[in-house]
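Reader: Hi! Could you walk me through this one? I'd like to begin with the ligand.

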Amino acid sequence: MEIEEKKVTTKKGDEFILRTPVKEDAEEILQFRRDIAGETKYLIRYPYEIENSVEKEEEIIKNYSKAEHIGMIAVFDGKKIIGLSSVSPIGLSFKTRHRACMEISVRKAYWNLGLGSMLLDQIVYMAENIGYERLELSVFADNARALRLYKKKGFIDCGQIPQAFKTMDGHYHDEVLMTKNLWKKNGKY
Ligand SMILES: CC(C)(COP(=O)(O)OP(=O)(O)OC[C@H]1O[C@@H](n2cnc3c(N)ncnc32)[C@H](O)[C@@H]1OP(=O)(O)O)[C@@H](O)C(=O)NCCC(=O)NCCS
(Lines give C-alpha, C1' and ligand atoms only; values in the text may rest on other atoms or scores of the structure.)
Protein backbone atom coordinates (compact mmCIF):
# COMPACT_ATOMS: atom_id res chain seq x y z
CA MET A 1 0.00 0.00 0.00
CA GLU A 2 1.28 3.45 -0.87
CA ILE A 3 0.62 6.75 0.86
CA GLU A 4 0.78 10.23 -0.59
CA GLU A 5 4.03 12.02 0.17
CA LYS A 6 3.65 14.66 2.88
CA LYS A 7 5.70 17.18 4.85
CA VAL A 8 5.96 16.62 8.60
CA THR A 9 7.05 19.23 11.13
CA THR A 10 8.80 18.20 14.35
CA LYS A 11 8.31 19.66 17.82
CA LYS A 12 11.37 21.84 17.11
CA GLY A 13 9.97 23.08 13.79
CA ASP A 14 12.21 21.07 11.43
CA GLU A 15 10.50 19.84 8.28
CA PHE A 16 10.97 16.34 6.88
CA ILE A 17 9.29 14.21 4.21
CA LEU A 18 7.14 11.21 5.03
CA ARG A 19 6.52 8.82 2.14
CA THR A 20 6.38 5.22 0.98
CA PRO A 21 9.90 3.94 0.24
CA VAL A 22 10.62 3.10 -3.39
CA LYS A 23 13.01 0.57 -4.94
CA GLU A 24 15.79 3.19 -5.12
CA ASP A 25 15.70 3.52 -1.30
CA ALA A 26 16.76 -0.11 -0.75
CA GLU A 27 20.39 0.63 0.14
CA GLU A 28 19.38 3.49 2.41
CA ILE A 29 16.87 1.25 4.22
CA LEU A 30 19.55 -1.38 4.82
CA GLN A 31 21.91 1.30 6.12
CA PHE A 32 19.17 2.65 8.37
CA ARG A 33 18.43 -0.83 9.75
CA ARG A 34 22.12 -1.49 10.45
CA ASP A 35 22.68 1.92 12.04
CA ILE A 36 19.64 1.79 14.30
CA ALA A 37 20.38 -1.81 15.33
CA GLY A 38 23.72 -0.49 16.60
CA GLU A 39 22.20 2.54 18.34
CA THR A 40 19.74 0.71 20.56
CA LYS A 41 19.49 -2.62 22.34
CA TYR A 42 15.73 -2.58 21.89
CA LEU A 43 15.54 -4.10 18.41
CA ILE A 44 15.54 -7.83 17.73
CA ARG A 45 18.68 -7.90 15.58
CA TYR A 46 22.29 -6.89 15.98
CA PRO A 47 23.74 -5.01 12.98
CA TYR A 48 25.54 -8.15 11.69
CA GLU A 49 22.16 -9.92 11.57
CA ILE A 50 20.78 -7.47 8.98
CA GLU A 51 21.68 -9.70 6.10
CA ASN A 52 19.39 -8.82 3.19
CA SER A 53 21.05 -8.05 -0.12
CA VAL A 54 20.05 -4.81 -1.87
CA GLU A 55 18.14 -6.93 -4.41
CA LYS A 56 16.19 -8.71 -1.66
CA GLU A 57 15.38 -5.38 0.00
CA GLU A 58 14.20 -3.98 -3.37
CA GLU A 59 11.85 -6.95 -3.67
CA ILE A 60 10.49 -6.37 -0.16
CA ILE A 61 9.93 -2.66 -0.84
CA LYS A 62 8.12 -3.50 -4.09
CA ASN A 63 5.84 -5.93 -2.27
CA TYR A 64 5.08 -3.41 0.46
CA SER A 65 4.05 -0.72 -1.98
CA LYS A 66 2.04 -3.00 -4.31
CA ALA A 67 0.18 -5.29 -1.93
CA GLU A 68 -2.93 -3.83 -0.33
CA HIS A 69 -2.62 -5.67 3.01
CA ILE A 70 0.86 -4.43 4.00
CA GLY A 71 2.46 -1.01 4.22
CA MET A 72 5.80 0.64 4.87
CA ILE A 73 6.49 4.32 5.51
CA ALA A 74 9.67 6.28 6.09
CA VAL A 75 10.64 9.77 7.20
CA PHE A 76 13.42 11.34 5.13
CA ASP A 77 15.87 14.10 6.02
CA GLY A 78 16.96 14.81 2.45
CA LYS A 79 17.94 11.40 1.12
CA LYS A 80 18.64 9.98 4.55
CA ILE A 81 16.04 7.78 6.23
CA ILE A 82 15.54 8.88 9.83
CA GLY A 83 12.45 6.86 10.73
CA LEU A 84 10.79 3.71 9.44
CA SER A 85 7.59 1.86 10.25
CA SER A 86 5.62 -0.98 8.71
CA VAL A 87 2.45 -2.98 9.16
CA SER A 88 1.86 -6.58 8.07
CA PRO A 89 -0.56 -9.39 8.91
CA ILE A 90 0.04 -11.77 11.81
CA GLY A 91 -1.20 -14.59 9.60
CA LEU A 92 -3.18 -15.19 6.44
CA SER A 93 -5.57 -17.85 7.71
CA PHE A 94 -9.21 -16.83 8.17
CA LYS A 95 -8.98 -16.96 11.96
CA THR A 96 -6.00 -14.58 12.20
CA ARG A 97 -6.23 -12.28 9.23
CA HIS A 98 -8.01 -9.52 11.18
CA ARG A 99 -4.78 -9.05 13.19
CA ALA A 100 -1.74 -7.03 12.11
CA CYS A 101 1.65 -6.44 13.66
CA MET A 102 3.89 -3.43 13.31
CA GLU A 103 7.45 -2.24 13.79
CA ILE A 104 8.83 1.25 14.25
CA SER A 105 12.23 2.88 14.71
CA VAL A 106 13.74 6.36 14.57
CA ARG A 107 17.44 7.31 14.40
CA LYS A 108 18.75 8.23 17.85
CA ALA A 109 19.77 11.74 16.78
CA TYR A 110 16.10 12.40 16.00
CA TRP A 111 14.44 10.94 19.12
CA ASN A 112 11.98 12.99 21.16
CA LEU A 113 11.01 15.25 18.25
CA GLY A 114 7.62 13.64 17.79
CA LEU A 115 8.62 11.57 14.74
CA GLY A 116 7.77 8.27 16.45
CA SER A 117 4.29 9.62 17.23
CA MET A 118 3.78 10.75 13.63
CA LEU A 119 4.91 7.42 12.20
CA LEU A 120 2.72 5.53 14.62
CA ASP A 121 -0.36 7.67 13.82
CA GLN A 122 0.23 7.02 10.14
CA ILE A 123 0.69 3.24 10.59
CA VAL A 124 -2.47 3.00 12.74
CA TYR A 125 -4.38 4.93 10.05
CA MET A 126 -3.02 2.57 7.39
CA ALA A 127 -3.90 -0.53 9.39
CA GLU A 128 -7.44 0.77 9.93
CA ASN A 129 -7.86 1.53 6.26
CA ILE A 130 -6.60 -1.87 5.20
CA GLY A 131 -9.36 -3.28 7.42
CA TYR A 132 -7.38 -4.81 10.28
CA GLU A 133 -9.26 -5.00 13.56
CA ARG A 134 -6.29 -5.32 15.93
CA LEU A 135 -2.77 -3.94 15.80
CA GLU A 136 -0.17 -5.78 17.86
CA LEU A 137 3.46 -5.32 18.82
CA SER A 138 6.17 -6.62 21.06
CA VAL A 139 8.48 -4.40 23.11
CA PHE A 140 11.34 -4.85 25.60
CA ALA A 141 9.83 -4.34 29.07
CA ASP A 142 12.55 -1.78 29.92
CA ASN A 143 12.07 0.28 26.73
CA ALA A 144 10.46 3.20 28.57
CA ARG A 145 10.39 5.57 25.59
CA ALA A 146 8.58 3.09 23.35
CA LEU A 147 6.17 2.06 26.10
CA ARG A 148 5.30 5.71 26.73
CA LEU A 149 4.63 6.21 23.01
CA TYR A 150 2.47 3.10 22.63
CA LYS A 151 0.40 3.78 25.75
CA LYS A 152 -0.13 7.38 24.64
CA LYS A 153 -1.51 6.05 21.35
CA GLY A 154 -3.95 3.66 22.99
CA PHE A 155 -2.05 0.36 23.05
CA ILE A 156 -2.61 -1.78 26.13
CA ASP A 157 -0.28 -4.25 27.82
CA CYS A 158 -1.72 -7.75 27.27
CA GLY A 159 0.98 -9.95 28.72
CA GLN A 160 4.66 -10.50 29.32
CA ILE A 161 7.17 -13.18 28.42
CA PRO A 162 9.93 -13.36 31.02
CA GLN A 163 13.52 -13.33 29.74
CA ALA A 164 12.33 -13.25 26.14
CA PHE A 165 15.45 -11.42 24.96
CA LYS A 166 19.08 -12.12 25.83
CA THR A 167 21.65 -9.48 24.94
CA MET A 168 25.35 -10.10 24.31
CA ASP A 169 26.24 -8.71 27.75
CA GLY A 170 24.43 -11.73 29.20
CA HIS A 171 21.42 -9.76 30.44
CA TYR A 172 17.85 -10.95 29.94
CA HIS A 173 14.95 -8.62 29.14
CA ASP A 174 11.26 -9.40 29.50
CA GLU A 175 8.96 -8.86 26.53
CA VAL A 176 5.69 -6.91 26.77
CA LEU A 177 2.98 -7.78 24.26
CA MET A 178 0.74 -4.86 23.37
CA THR A 179 -2.41 -4.52 21.32
CA LYS A 180 -4.72 -1.78 20.11
CA ASN A 181 -8.28 -2.29 19.03
CA LEU A 182 -8.91 -0.71 15.63
CA TRP A 183 -12.53 -1.78 15.52
CA LYS A 184 -13.98 1.47 16.77
CA LYS A 185 -17.55 0.15 17.14
CA ASN A 186 -16.27 -2.20 19.79
CA GLY A 187 -14.92 0.42 22.20
CA LYS A 188 -11.48 0.60 23.73
CA TYR A 189 -10.34 -2.99 24.22
C1 LIG B 1 10.64 4.25 20.39
C2 LIG B 1 10.94 5.30 19.32
C3 LIG B 1 10.38 4.84 17.98
C4 LIG B 1 10.28 6.62 19.72
O5 LIG B 1 10.55 7.57 18.72
P6 LIG B 1 10.54 9.15 19.04
O7 LIG B 1 10.63 9.85 17.73
O8 LIG B 1 11.57 9.44 20.06
O9 LIG B 1 9.07 9.29 19.65
P10 LIG B 1 8.31 10.61 20.12
O11 LIG B 1 9.26 11.76 20.14
O12 LIG B 1 7.09 10.76 19.29
O13 LIG B 1 7.82 10.19 21.56
C14 LIG B 1 8.71 9.78 22.56
C15 LIG B 1 8.00 9.89 23.90
O16 LIG B 1 8.82 9.27 24.90
C17 LIG B 1 9.02 10.19 25.97
N18 LIG B 1 10.29 9.84 26.57
C19 LIG B 1 11.55 10.22 26.23
N20 LIG B 1 12.45 9.66 27.02
C21 LIG B 1 11.77 8.88 27.89
C22 LIG B 1 12.14 8.04 28.97
N23 LIG B 1 13.41 7.86 29.30
N24 LIG B 1 11.16 7.40 29.64
C25 LIG B 1 9.87 7.55 29.30
N26 LIG B 1 9.44 8.34 28.29
C27 LIG B 1 10.39 9.00 27.60
C28 LIG B 1 9.00 11.54 25.30
O29 LIG B 1 8.77 12.57 26.23
C30 LIG B 1 7.85 11.33 24.32
O31 LIG B 1 6.60 11.41 24.98
P32 LIG B 1 5.67 12.72 24.82
O33 LIG B 1 5.36 12.83 23.36
O34 LIG B 1 4.47 12.43 25.63
O35 LIG B 1 6.51 13.87 25.31
C36 LIG B 1 12.48 5.56 19.23
O37 LIG B 1 12.95 5.91 20.49
C38 LIG B 1 13.27 4.38 18.70
O39 LIG B 1 13.34 4.16 17.50
N40 LIG B 1 13.88 3.63 19.59
C41 LIG B 1 14.75 2.52 19.20
C42 LIG B 1 14.00 1.44 18.48
C43 LIG B 1 12.81 0.99 19.29
O44 LIG B 1 12.87 0.89 20.49
N45 LIG B 1 11.74 0.72 18.56
C46 LIG B 1 10.54 0.18 19.16
C47 LIG B 1 10.66 -1.27 19.24
S48 LIG B 1 9.20 -1.99 19.95
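Author: Happy to! A backbone N or O atom of Gly116 sits 2.8 Å from an oxygen atom of the ligand. Keep in mind that this is a predicted model.

Reader: Okay, and how far is the polar side-chain atom of Trp111 from a ligand oxygen?

Author: That distance is 3.4 Å. For Lys11, an N or O atom in the side chain is likewise 3.4 Å from an oxygen atom of the ligand.

Reader: How much of the ligand's accessible area does the protein cover?

Author: The protein covers 80% of it, where the ligand on its own has 960 Å².

Reader: Nice. Which pocket is the ligand's space?

Author: The ligand takes up the largest pocket. Two or more shell residues each come from strand S5 (99-106), helix H3 (115-130), strand S6 (134-140) and helix H4 (144-152).

Reader: Which of those gives the most?

Author: H4 does, with seven residues.

Reader: How many residues surround the ligand, and which are closest?

Author: There are 24, and the closest are Val106, Ser117, Asn143, Arg148 and Lys152. By type, the shell has 12 nonpolar, eight polar and four charged residues.

Reader: Switching topic: how many aromatic pairs are there?

Author: The structure has four. One of them is Tyr42 with Phe140, an edge-to-face pair with 5.4 Å centre to centre and 70° between the planes.

Reader: What does that pair tie together?

Author: Tyr42 is in the loop between helix H1 (26-39) and helix H2 (54-66), while Phe140 is in strand S6, so the pair links parts that are 98 residues apart in sequence.

Reader: Great, thanks!

Technical notes
Residues numbered from 1 in each chain as written. Heavy atoms only, no water. Near = heavy atom within 4 Å. Polar contact = N/O pair within 3.5 Å; in protein donor to acceptor, adjacent residues only side chain to side chain. Areas by Shrake-Rupley, 256 points an atom, 1.4 Å probe, with all protein chains shown as cover. 1 Å grid on protein atoms, 1.4 Å probe; cavity = no way out; pocket = protein on both sides within 12 Å on 5 of 7 lines; lining within 4 Å. Sits in = over half its atoms within 2 Å of the grid points. Helix = DSSP H or I, 4+ residues; strand = E, 2+ residues; numbered from the N terminus. Nonpolar A, V, L, I, M, F, W, Y, C, P; charged D, E, K, R; others polar. Phe/Tyr/Trp six-rings, centres within 6.5 Å; stacked < 30°, edge-to-face > 60°.
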